[in-house]
Amino acid sequence: MSEGTHKRDPIKSPVGNLASQRRRQNAIIIAKERREALMRTKRLCRIGIGGDDSSELDNDMMLDEDQSLLDAQTTSAVEALKAAVAYQGKGAQQKRINALRQLRHLLSRSELPPVDVALKAGAVQFLVQCLPFGSPDEQLLEAAWCLTNIAAGLPEETKSLLPALPLLIAHLGEKSSLSVAEQCAWALGNVAGEGEDLRSILLSQGALLPLARMILPDKGSTVRTAAWALSNLIKGPHPKAASELIRVDGVLNAISRHLKKSDDEIATEVAWVVVYLSALSDTASSMMMKSNFMQLLVERLASSNSLQLLIPVLRSLGNLIAGDTRTTSLVLVAESEITDQVVGALVRCLKNEHRVLKKEAAWVLSNIAAGSIEHKKLIHSTEAVPLLLHLMATAPIDIRKEAAYVLGNLCVAPTEGSGKPRVIVEHLISLVDGGCLHSFIELVRSADTEAARLGLQFLELVLRAMPNGEGPKLVEREDGIEAMERFQFHENEDLRNMANGLVDTYFGEDYGLDS
């Protein structure tokens with residue numbers, strides 16, 4: 001069986017989307033969101049490993065208008081490094097360290113470090129010459145720090161590190177000091193964050209195993225940096241790296257331990273590793289479910305107020321629930337302690353003022369609601385439903401779509417094949433009585449294709465299944481006919497066919513003759 005192929009379906013229709021595709025897409029989307037918002041995929045190193053050198057750097061900051069001076073100094077610094085690398089006389093070692101430190105200062109200053117200038121001057125080849133084993137730690141740290149900040153630049157600047165990758169990876173091992181290994185991991189994390197091609201190169205050169213071993217002990221910032229680099233390395237879209245990581249001896253226990261006991265900063269980076277493991281690898285999802293990860297995630301969800309941590313924890317929880325359906329059914333049982341804790345934590349997030357937590361919590365609930373009849377009844381009976389109805393009426397479109405997935409999934413029974421799903425009529429009636437029909441029709445009016453599809457799917461359920469043939473009248477009362485008719489000549493063929501089919505079936509020439 002291939003990885004990540006057998007997942008639950010959201011509400012089905014003639015144009016249903018597979019939950020597995022949605023989960024994979026979300027894994028990639030969240031990587032983009034992470035870069036743009038909470039946690040940058042690539043990180044500039046301004047303060048050295050261990051936190052030293054900050055006061056010196058603060059005093060050395062330059063204004064952007066001094067950019068031309070900065071560029072000139074950078075060119076001069078690379079020339080000085082070139083000379084220091086070639087020099088073999090007395091004091092050669094300290095000469096190299098001083099030249100590296102000067103270049104590193106320049107590459108750590110301003111919002112736009114002069115990486116392009118350093119590269120044009122040939123910096124990378126001289127930095128690589130400062131990385132051989134047997135060099136003093138201070139030299140190795142300064143060289144790796146320079147490479148870290150070069151890799152934090154533009155795509156082509158990041159790719160310039162290709163000649164340095166073998167040595168950076170080699171220094172992750174036990175032969176290097178912890179501080180050197182951590183700085184090299186930071187540089188490699190920046191490279192991995194650039195894109196799939198560079199991730200493939202890193203994986204082919206053996207970066208995964210030494211990075212994985214760095215998260216095994218309780219080593220504070222080293223674990224944090226290595227976990228961040230790993231999350232960049234395994235983020236896909238292919239699942240192979242995620243499946244290999246979870247099989248590394250000790251990794252599963254280390255991740256579990258860090259989630260349970262580490263501070264919020266370390267737990268955040270480890271939780272992002274869990275996000276990609278659970279999004280991309282069925283093997284990893286199954287192993288984590290059997291190792292009580294759901295309990296760990298829920299405990300962290302209930303105890304932390306860190307937005308940066310809560311987001312990957314929620315995402316991981318949703319991925320696990322969407323993954324192994326059989327195991328999930330055994331864990332999430334009505335009236336069990338873990339089930340009450342999961343639902344309680346999600347309700348707490350729906351009430352949170354942060355919109356991203358509302359969206360993530362609704363996404364997790366949509367995965368539960370896409371499961372068994374028992375799971376649908378469970379969610380339908382909780383405080384989550386009135387909160388979701390309120391979000392459907394008042395929230396921004398991205399949150400409304402997630403709420404729509406939950407409410408729609410509550411109304412359809414699991415089904416095999418591609419036919420129309422059986423409607424859970426009592427759930428449908430209660431949601432319509434709760435006022436959600438108007439909100440779904442507003443989705444039909446949306447310019448957002450996914451939102452419009454969700455709206456049409458729900459209208460199909462109402463038109464087909466409301467008792468006593470009340471569906472068409474209810475839809476007409478909310479101006480649903482007019483909302484669907486706007487798709488008569490719509491450019492999207494799927495939406496056009498859906499809407500026209502519903503209008504023809506339920507509002508044809510005979511509609512209203514019996515009234």
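Helices here are DSSP runs of H or I with at least four residues, numbered from the N terminus. With that in hand, welcome to a set of close-ups of a predicted model.

View 1. Helix α28 spans residues 449-465, and V462 is part of it. The relative accessible area of V462 is 0%, so this valine counts as buried. Setting aside residues up to four places away in sequence, V462 touches L428, V432, L437, G471 and V475. One of these contacts, V475, is 13 residues from V462 in sequence, with a C-alpha to C-alpha separation of 7.9 Å.

View 2. The structure holds two aromatic pairs. Here we look at W272 and Y276, whose rings are stacked at 6.4 Å centre to centre with 25 degrees between the planes. Both residues belong to helix α16 (residues 264-280), where they are four residues apart, about one turn of the helix. W272 counts as buried because its relative accessibility is 2%. Y276 has a relative accessible area of 0%, so this tyrosine is buried too.

**View 3. F440 and F458, a stacked pair across two helices.** The ring centres of F440 and F458 lie 3.9 Å apart and their planes meet at 5 degrees, so this pair is stacked. Distant parts of the chain are linked by the pair: F440 sits in helix α27 (residues 436-444) and F458 in helix α28, 18 residues apart. Both phenylalanines, F440 and F458, are buried.

**View 4. Arginine charges over aromatic rings.** In one close-up, the charged end of R315 is placed over the ring of W363, at 4.3 Å from the ring centre. In another, R486 has its charged end over the ring of F487, 4.3 Å from the centre of that ring.

View 5. S281 is found in the loop between α16 and α17, the latter covering residues 282-290. A polar atom of the S281 side chain lies 3.3 Å from the backbone nitrogen of T283. Along the chain, S281 and G323 are 42 residues apart, while their C-alpha atoms are separated by 9.0 Å.

View 6. N190 belongs to helix α10, residues 178-192. With 0% relative accessibility, N190 falls under the 20% limit and therefore counts as buried. Which backbone atom does the side chain of N190 reach at 2.9 Å? That atom is the backbone oxygen of T148. A polar atom of the N190 side chain also lies 2.7 Å from the backbone nitrogen of R43. Beyond neighbours within four places in sequence, the contacts of N190 are T41, K42, R43, T148, A151, A152, T158 and W228.

**View 7. L277 and the largest nonpolar core.** This core has 167 residues, and those touching the most other members are L127, L168, I255, L277, L317 and L428. Helix α16 supplies the largest share of the core, 12 residues. Zooming in on L277, and not counting residues up to four places away in sequence, we find that this leucine touches I234, A242, L245, I246, I255, A284, S285 and M288.

Note on methods: Residues numbered from 1 in each chain as written. Predicted model: local features only at pLDDT ≥ 70, side-chain atom pairs only at ≥ 80, totals over all residues. Heavy atoms only, no water. Buried < 20%, exposed > 50% of the residue type's maximum accessible area, 1.4 Å probe, protein only. Contact = heavy atoms within 4.5 Å. Phe/Tyr/Trp six-rings, centres within 6.5 Å; stacked < 30°, edge-to-face > 60°. Lys NZ or Arg CZ within 6 Å of the ring centre and 35° of its normal. Polar contact = N/O pair within 3.5 Å; in protein donor to acceptor, adjacent residues only side chain to side chain. Core = buried A, V, L, I, M, F, W, Y, C linked by side-chain atoms within 4.5 Å.
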